[in-house]
Amino acid sequence: MVTLDYPPYIVTQEGELSGVAIELVESVFEELEVPISIEVLPWARALSNVQFGRADAIFTAFKNPTREEFADFSNQVLFTQNISLVVKAKSEILSDNFLTSDLSSIAVCVVNRVSYGKRIDALLAERKFRLVFKRNQTKECAHLVRTGRADVWVNNDFGARSIMASERMEEILEILSPPIEATPSYIAFSKLKEHAWLRDRFDEVLRGMKEDGRYEAIIDNYFERLKEREVKEKG
């Protein structure tokens, strides 16, 4: 398995791997009795490894036609992610009309080869922005907005909040509401590795976990522990 450092879904800290997506994926494969290892890589390299068969699967990935050419996506959604705009506090940028505004004066930061849903991806492909910073780590985008080099950082809500807290930018940056869109994310298996059968088994177990409440319990328990840890760290 390959993934990226994407708090709070995937978190790498002091050599330890954690995160709500890690716990969910490990729980599914534990029930399948299929041993796995998970490697955190820059997202572009992770996708390339799946595309060329150097890895078996990738998560959490948004689905698009290009990726579907080389990967078998789960039918069950891992997480539905709210994609939001992050700006410097007191910015005049608004999210409710962002997608229909003239963006020719806006500098935006995104992570290299990460999909942010159809509408943002289309704006990036059509080069609607004045400047696009593409970085390998999400926290680099946070710092570009902090320093004023970028006007907007596009990210999922949970991840943005986590990075702002860890980088101590909660008073400097602001997550705009409403989100730009809610986008489903999946696990996707390399077609070169011929794992469609494993994708189907993964779907079956994940569907069962959603039906019997284990899915929500894993998510709720993770974020409850996260809140408790943040309270302890703040004293």
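A polar contact is a pair of N or O atoms within 3.5 Å; within protein, one must be able to donate a hydrogen and the other to accept it, and residues adjacent in sequence count only if both atoms are side-chain atoms. The model is predicted: local features need pLDDT of at least 70, side-chain atom pairs count only at pLDDT 80 or more, and totals for chains, interfaces and linings use all residues. Residues are numbered from 1 along each chain as its sequence is written, and side-chain values use heavy atoms, with hydrogens and water left out.

**Surroundings of E181**

- The backbone nitrogen of R119 lies 3.4 Å from a polar atom of the E181 side chain.
- E181 belongs to strand β12 (residues 181-190); helices (H or I, at least four residues) and strands (E, at least two) are DSSP runs, numbered from the N terminus.
- With a relative accessible area of 13%, E181 is buried (buried means under 20% relative accessible area, exposed over 50%, partly exposed in between; 1.4 Å probe, protein chains only).
- Beyond its neighbours within four places in sequence, E181 has contacts (heavy atoms within 4.5 Å) with residues including Q81, N82, Y116 and R119.

**Salt bridges**

- The structure contains 8 salt bridges, each a side-chain nitrogen of Lys or Arg within 4 Å of a carboxyl oxygen of Asp or Glu.
- D151 pairs with R130, their closest N and O atoms being 4.0 Å apart.
- This pair links distant parts of the chain, 21 residues apart: D151 is in the loop between α5 (138-146) and β10 (152-156), and R130 in the loop between α4 (118-125) and β9 (131-135).
- D200 and R199 form a salt bridge at 2.8 Å, N to O; D200 is partly exposed at 41% relative accessibility, whereas R199 is buried at 14%.
- D212 and R214 meet in a salt bridge at 2.9 Å, N to O, and salt bridges that share partners join E31, D212 and R214 into one network.

**Second largest pocket**

- The second largest pocket holds about 370 Å³ of space. A pocket is an open set of points on a 1 Å grid over the protein atoms alone, where a 1.4 Å probe fits, with protein on both sides within 12 Å along at least five of seven lines; lining residues have an atom within 4 Å of a point. Grid points are joined across faces, edges and corners, and the volume is the space filled by probe spheres set on the points.
- Of its 16 lining residues, R113, V114, S115, D121 and K134 are the closest to the centre.
- Helix α4 gives the most to this lining, with 3 residues.
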